[in-house]
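Colleague: I would like to learn how to read a few features from a model. Please take me through them one at a time.

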Amino acid sequence: MTEAEAKELLIDEDTFLTCGVHIGTKQKSKDMEPYVYKVRDDGLRILNVNLTSEKITEAATFLKGYEPNEVLVVSARQYGWKPAKKFADACGFVCIAGRFTPGRLTNPEMQFFIEPKVIVLTDPAADAQAFREAVNIKIPVVAMCDSNNLTSNVDVIVPGNNKGRRSLALIYLLLAREVLRGRGEIGPKDELEDTIDDFEAPLI
């Protein structure tokens with residue numbers, strides 16, 4: 001990576017790497033090929049953090065165009081619960097962490113029925129029910145996608161390790177920071193008061 005490229009990253013490359021954002025799975029979908037930088041000797045796919053950084057910026061720019069209560073953040077995966085909630089709280093979004101009850105987006109008779117204009121998924125595979133319903137009601141989908149994810153019907157792909165505690169904490173932290181910067185709620189160089197540790201889920 002050149003010095004110019006490094007400067008464009010949302011955070012220094014070392015932080016991306018120490019948080020394991022680049023560590024993919026041994027499986028690779030054709031959809032995610034453009035985001036895979038290389039294959040390690042042990043077969044793990046390595047994701048390009050330059051692209052992760054770019055796509056977090058793209059996702060934040062996209063999300064800031066919506067009213068906060070129009071954005072739904074979903075995480076069925078336990079390590080995503082805390083960072084998803086922290087992200088949603090920071091930006092004023094709605095969050096469903098844990099089991100996604102079928103019909104939440106499609107059945108107006110349901111007690112907790114909601115009508116978001118856009119949805120953010122921690123993992124399109126783990127969040128398959130929410131994903132299906134979002135596609136059904138034709139709202140845009142932003143999703144964190146690992147090397148094995150299928151990305152058909154994902155409007156904004158954020159490539160990254162969507163299974164690791166530290167990786168999810170960093171991605172959600174940067175996404176929150178960039179949304180707030182984009183809205184002008186914090187300065188263009190300001191950081192959040194919360195740190196990666198604050199966003200990180202406890203060990204199960």
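Modeller: Just after helix H5, lysine 138 takes a positive phi of about 60 degrees. Helices (H or I, at least four residues) and strands (E, at least two) are DSSP runs, numbered from the N terminus. This is a predicted model, in which local features need pLDDT of at least 70, side-chain atom pairs count only at pLDDT 80 or more, and totals for chains, interfaces and linings use all residues. Residues are numbered from 1 along each chain as its sequence is written, and side-chain values use heavy atoms, with hydrogens and water left out.

Colleague: Which residues in helix H5 are buried?

Modeller: Buried means under 20% relative accessible area, exposed means over 50%, and partly exposed is in between (1.4 Å probe, protein chains only). In H5, which spans residues 128-136, the buried ones are Ala130, Phe131, Glu133 and Ala134. These residues are on the same side of H5, because they cover an arc of only 165 degrees around the axis; the arc is that of the directions from the helix axis to the C-beta atoms. An α-helix has 3.6 residues a turn, so residues three or four places apart point the same way.

Colleague: What is on the other side of H5, and what do the buried residues pack against?

Modeller: Arg132 and Asn136 are exposed on the other side. The buried residues pack against strand E3 (71-75), strand E5 (118-121) and strand E6, where contact means heavy atoms within 4.5 Å.

Colleague: How many salt bridges does the structure hold?

Modeller: A salt bridge is a side-chain nitrogen of Lys or Arg within 4 Å of a carboxyl oxygen of Asp or Glu. The structure holds 16. One of them joins lysine 163 to aspartate 146, with the closest N and O atoms 3.1 Å apart. Lysine 163 is in the loop between strand E7 (156-159) and helix H6 (165-183), and aspartate 146 is in the loop between strand E6 (141-145) and E7, 17 residues apart. Lysine 163 is partly exposed at 29%, whereas aspartate 146 is buried at 1%.

Colleague: Which residues are linked in a network of salt bridges?

Modeller: The network links Arg165, Arg166, Asp197 and Glu200. Within it, aspartate 197 and arginine 166 meet at 2.6 Å, N to O. Aspartate 197 lies in helix H7 and arginine 166 in helix H6, so this pair ties together parts 31 residues apart in sequence. Glutamate 200 forms a salt bridge with arginine 165, at 3.2 Å between the closest N and O atoms.
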